[in-house]
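Hi,

Here is the structure I promised to send over.

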Amino acid sequence: MTMNPLADALAIRATASAFDAQRGKLPVPGDPHRLPGSVAVAQQISELGKLITELGDEVLFRTANREHRSRTSLAVSSFSVAVRPAGEAAAALGGVAQQLAFLERTEHLHDLPDSRDAREAAGRVIDEALGTADAALREAADSLHAASTAVSPPSRRLRAALGRTTTPMYEAVPAAPAAPASAAAVAPRTVRGR
């Protein structure tokens, strides 16, 4: 890993895109006939675990390299902030996996009234957990996208614009013709009071 503003911005942006991709893999909540697959949910939990590890590695690397601390403190903060929502998303998906396991265990009891109510409640819990995971992944991605913009070095065009003079250059404007003396004497004078 190298540490410079451009590398930091690219690493943050890549991590934000990874969270966007995870969000895109989430099952759509609200469809009672189409529950997410337990294997797909388990894979997504595993992938989120890897992303959380990557966040930790980015923080550790930049924190351990003390000679560049001032330059990378924003990157450290950016990666650190994303850990909480990433953990929330993983925990929510853990709740989905738990409810799916319950539904699989009670499949043979689906005709019993008590079991039917419990299974419907499990479906509602799954929907709520998927909504929580979606919001948390969005929060992680959005914070990282914003941070990558803040960390990015200014573009060549912006640096060139900043390097130019800010003193305006005016073209020579021809002077207005002088008023005749008699007209100046006749013109009323305006007196301004305080």
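How many salt bridges does a search of the whole structure find? The answer is eight, where a salt bridge is a side-chain nitrogen of Lys or Arg within 4 Å of a carboxyl oxygen of Asp or Glu.

Before the details, a word on the source. This is a predicted model, so to speak of local features we need pLDDT of at least 70, side-chain atom pairs count only at pLDDT 80 or more, and totals for chains, interfaces and linings use all residues. Residues are numbered from 1 along each chain as its sequence is written, and side-chain values use heavy atoms, with hydrogens and water left out.

Now the fold. The protein chain has six helices and zero strands, both taken as DSSP runs numbered from the N terminus (helices: H or I, at least four residues; strands: E, at least two). Along the sequence that reads α-α-α-α-α-α. Of the contacts (heavy atoms within 4.5 Å) between residues at least 6 apart in sequence, 81% join residues at least 24 apart. Buried residues account for 27% of the 194 residues; buried is under 20% relative accessible area, exposed over 50%, and partly exposed in between, with a 1.4 Å probe and protein chains only. The accessible surface is about 13,000 Å², and 58% of that belongs to carbon and sulfur atoms (Shrake-Rupley method, 1.4 Å probe; for residues, only the protein chains shown count as cover).

Back to the salt bridges. One of them pairs Arg62 with Asp8, at 2.8 Å from N to O. That pair links distant parts of the chain, with Arg62 in helix H2 (residues 38-64) and Asp8 in helix H1 (residues 5-25), 54 residues apart. Arg62 is buried at 3% relative accessible area, and Asp8 is buried too, at 0%. Glu58 joins them, giving a salt-bridge network of Asp8, Glu58 and Arg62.

Another one is Arg119 with Glu107, whose closest N and O atoms are 3.0 Å apart. Arg119 sits in helix H4 (residues 113-151) and Glu107 in the loop between helix H3 (69-105) and H4, so this pair ties together parts 12 residues apart in sequence. Arg119 is buried at 18%, whereas Glu107 is partly exposed at 42%.

Then there is Arg138 with Asp134, again with 3.0 Å between the closest N and O atoms. Both lie in helix H4, four residues apart, or about one turn of the helix. Arg138 is partly exposed at 35%, as is Asp134 at 21%.

Cheers
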